[in-house]
Amino acid sequence: MTYPEPRYSGDTGELSATYRPYAHSPELTYKNGNTAHYLATGATTNGQFGLYRWVMGPEPSGPSPHFHKSISESFYILEGSVRIYDGSRWIDTRPGDWVHVPEGGVHAFRNESGEPATMLLHFAPGAPREGYFEGLLDLAGKSEEEKAEFFIRHDTYWLD
């Protein structure tokens, strides 16, 4: 493997770093109190990746097994324990654990610990996952057909 073609053509570098303090308010709060922090979106990384801090309360929550056709997804556990399904088994993770799921890989995650948990979600390339996260808030009143279209539009394919 080699380095990709340069995306920056200057000779002196530029001042373009981004800083976000840990205490920054979340961009999204769900009815159950879970929050999503948009650390880096596909739009802010020129489509290279998306990085989100996912904070879950003690109540069980998380998606059932599914896969993505165009993006990989990685999970890095910061606090607590998150059960992550790798397609063949559920793994009880702890802080410092990392799970990577390539495109097409079946996966799921749940906080079933009874305690709060926090993890980083990394998507590559940087798809507009914020539209997916925000759209989940409006699914309750949608028809099955509308839900199916939403999931396909957001590259999420559920296993029955």
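Colleague: Which residues make the nonpolar surface patch?

Modeller: Tyr 76, Leu 78 and Trp 98 make that patch, about 310 Å² of it. Patch residues have over 30% relative accessible area and no salt bridge, and nonpolar side chains (Val, Leu, Ile, Met, Phe, Trp, Tyr) are joined within 5 Å. A salt bridge is a side-chain nitrogen of Lys or Arg within 4 Å of a carboxyl oxygen of Asp or Glu. Areas come from the Shrake-Rupley method with a 1.4 Å probe, and for residues only the protein chains shown count as cover.

Keep in mind that this is a predicted model: local features need pLDDT of at least 70, side-chain atom pairs count only at pLDDT 80 or more, and totals for chains, interfaces and linings use all residues. Numbering starts from 1 along each chain as its sequence is written, and side-chain values use heavy atoms, without hydrogens and water.

Colleague: Why does Leu 78 count as partly exposed?

Modeller: Because its relative accessibility is 32%; buried means under 20%, exposed over 50%, and partly exposed is in between.

Colleague: And which strand is Leu 78 in?

Modeller: Strand 5, residues 72-79. Strands are DSSP runs of E, at least two residues, numbered from the N terminus.

Colleague: How do strand 5 and strand 8 pair?

Modeller: Antiparallel, over 4 bridges; pairing takes at least two DSSP bridges. Phe 75 sits opposite Val 99 in strand 8.

Colleague: What's the strand order in the open sheet?

Modeller: The 6 strands go 1-2-3-10-5-8, paired antiparallel. Strand 1 (28-29) and strand 8 (98-101) are at the edges with a single partner strand each, so one side of each has no neighbour in the sheet.

How values were computed
Patches are made of residues with over 30% relative accessible area and no salt bridge: like charges are joined within 9 Å, nonpolar side chains (Val, Leu, Ile, Met, Phe, Trp, Tyr) within 5 Å. Buried means under 20% relative accessible area, exposed over 50%, partly exposed in between (1.4 Å probe, protein chains only).
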